[in-house]
Amino acid sequence: MDEYQLTLKGFNHGYMLATENPNFLKELLDSIRDVKSPYRVGLVKGMEVAHGKDRGKNKGMSF
């Protein structure tokens, strides 16, 4: 998988986990030590969108 696909996969998982199981999402984020990992970046972005933290900042998704 390339970096974009990993980021998108992380975004999808982050969004789903933030709405369904936030505790598991926190544990998953803690387990990925590399902050620059595309998958971790996607997880965080998905979590922010699910919780509405990203509203008003970006009109589209940018990673």
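So, helix H3: Pro38, Tyr39, Arg40, Gly42, Leu43, Lys45 and Gly46 are buried there, where buried means under 20% relative accessible area, exposed means over 50%, and partly exposed is in between, with a 1.4 Å probe and protein chains only. Helices here are DSSP runs of H or I with at least four residues, strands are E runs of at least two, and the numbering goes from the N terminus. Those buried H3 residues pack against H1 and H2, and contact means heavy atoms within 4.5 Å.

Quick word on where this comes from. It's a predicted model, so local features need pLDDT of at least 70 and side-chain atom pairs count only at pLDDT 80 or more, while totals for chains, interfaces and linings use all residues. Residues are numbered from 1 along each chain as its sequence is written, and side-chain values use heavy atoms, with hydrogens and water left out.

Back to H3. How far apart should its ends be? At 1.5 Å a residue, the 13 residues of H3 should span 18 Å, and the end C-alpha atoms are 18 Å apart, so that agrees; the expected span is 1.5 Å times one less than the number of residues. Just after H3, Gly52 has a positive phi of about 75°.

Now H2. Leu25, Leu28 and Leu29 are the buried ones. They cover an arc of only 100° around the axis, which puts them on the same side of H2; the arc is taken from the directions from the helix axis to the C-beta atoms. The cover over them includes H1 and H3. Turn to the face of H2 away from that buried side, and you find Asn23, Lys26, Glu27 and Ser31, which are exposed.

And what's in the middle? The largest nonpolar core has 8 residues: Leu17, Ala18, Leu25, Leu28, Leu29, Ile32, Tyr39 and Leu43. By nonpolar core I mean buried Ala, Val, Leu, Ile, Met, Phe, Trp, Tyr and Cys residues joined through side-chain atoms within 4.5 Å. H1 (3-20), H2 (22-31) and H3 (38-50) each supply at least two residues of this core, and the largest share, 3 residues, comes from H2.

Zooming out, the protein chain has 3 helices and 0 strands, and buried residues make up 30% of its 63 residues.
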